[in-house]
Amino acid sequence: MQHLTHPFPPLYDAQSRVLILGSFPSVKSREVLFFYGHPQNRFWRVLARLLECDVPQTIDEKSELLHARHIALWDVIASCNIEGSSDSSIRGAQANDLSPIFSAAPIQAVFCNGASAFSLYQKHLAEQTGFAAVQLPSTSPANAAWSLDRLTEAWRVILEYL
């Protein structure tokens with residue numbers, strides 16, 4: 001178990017309308033210093049399918065896609081004790097302050113990538129933001145029960161806010 005602090009900043013701008021929250025970056029995301037860095041995580045493939053574009057490969061391409069489509073990304077947890085990438089091992093979580101995002105951007109909806117992110121949001125941030133988050137199925141490779149097609153269909157709900 002390691003005590004870690006989130007190693008990279010949120011991604012948003014003054015036009016962000018949708019905020020997607022993860023729990024805490026995986027080992028691979030911490031290594032590459034960007035969201036959903038594990039090659040088996042299906043986040044970028046799901047987003048590309050929804051937005052009908054090529055799957056972004058570089059951090060610049062990913063950032064440009066998110067900005068162009070008014071999507072903000074961040075994680076619920078600022079620091080915690082964690083084993084590897086295991087959300088179930090998270091202990092002593094301290095939440096991120098979402099107020100800079102809500103102050104700068106006209107966020108209309110908050111979505112959580114997976115049950116852990118949703119549970120942590122409900123516990124630490126729902127009251128602060130005043131937003132009822134929507135729990136989406138996790139794009140993590142650990143969520144093997146969900147196919148790419150099924151994930152894409154479930155995530156389609158974000159399109160009405162873009």
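The questions below go from the whole chain to single residues.

Mentor: This is a predicted model, in which local features need pLDDT of at least 70, side-chain atom pairs count only at pLDDT 80 or more, and totals for chains, interfaces and linings use all residues. Residues are numbered from 1 along each chain as its sequence is written, and side-chain values use heavy atoms, with hydrogens and water left out.

Trainee: In what order do the elements of the protein chain run from the N terminus on?

Mentor: Helices (H or I, at least four residues) and strands (E, at least two) are DSSP runs, numbered from the N terminus. The protein chain has seven helices and seven strands. Their order is β-β-α-α-α-β-β-β-α-β-α-α-β-α.

Trainee: What radius of gyration does the protein chain have, and why does it agree with a compact globule?

Mentor: The radius is taken over C-alpha atoms, and the globule rule is 2.2 Å times the number of residues to the power 0.38. The C-alpha atoms fill a box of roughly 40 × 35 × 25 Å along the principal axes. For 162 residues the rule gives a radius near 15 Å, so the chain agrees with it at 14 Å.

Trainee: What percentage of the 162 residues count as buried?

Mentor: Buried means under 20% relative accessible area, exposed over 50%, and partly exposed in between (1.4 Å probe, protein chains only). Accessible areas come from the Shrake-Rupley method with a 1.4 Å probe, and for residues only the protein chains shown count as cover. The protein chain exposes about 7,800 Å², with carbon and sulfur atoms supplying 49% of that area. The buried share of the residues is 47%.

Trainee: Among contacts between residues at least 6 apart in sequence, what percentage join residues at least 24 apart?

Mentor: Contact means heavy atoms within 4.5 Å. Of the contacts in the protein chain that pass the separation of at least 6, those joining residues at least 24 apart make up 67%.

Trainee: Which elements do the buried residues of H2 pack against?

Mentor: H2 is mostly covered, with seven of its nine residues buried. The buried set is Phe43, Trp44, Val46, Leu47, Ala48, Leu50 and Leu51. They pack against strand S2 (18–22), H3, S3, strand S6 (109–113) and H7.

Trainee: Where does histidine 70 lie, given its positive phi near 65°?

Mentor: Histidine 70 is a residue other than glycine with a positive phi near 65°. Its place is the loop between H3 and strand S3 (71–75).

Trainee: How many salt bridges does the structure hold?

Mentor: A salt bridge is a side-chain nitrogen of Lys or Arg within 4 Å of a carboxyl oxygen of Asp or Glu. One of them joins glutamate 31 and lysine 28, with the closest N and O atoms 3.6 Å apart. Another joins arginine 156 and glutamate 153, at 3.3 Å. The structure holds three.

Trainee: How far apart are the closest N and O atoms of arginine 49 and aspartate 149?

Mentor: Arginine 49 is partly exposed because its relative accessible area is 40%, and aspartate 149 is exposed because its value is 52%. These two residues form a salt bridge with a closest N and O separation of 2.4 Å. The pair links distant parts of the chain, with arginine 49 in helix H2 (residues 43–51) and aspartate 149 in helix H7 (residues 148–155), 100 residues apart. The closest N and O atoms are apart by 2.4 Å.

Trainee: Is serine 79 buried or exposed?

Mentor: Serine 79 is in strand S4 (residues 77–82). Leaving aside neighbours within four places in sequence, serine 79 is in contact with His3, Leu4, Thr5, Phe24, Gly92, Ala93 and Gln94. Its relative accessibility is 12%, so serine 79 counts as buried.

Trainee: Which residues does glutamine 128 touch, not counting those up to four places away in sequence?

Mentor: Glutamine 128 is found in helix H6 (residues 126–129). At 42% relative accessibility, glutamine 128 counts as partly exposed. It touches Asn96, Asp97, Leu98 and Ser99.
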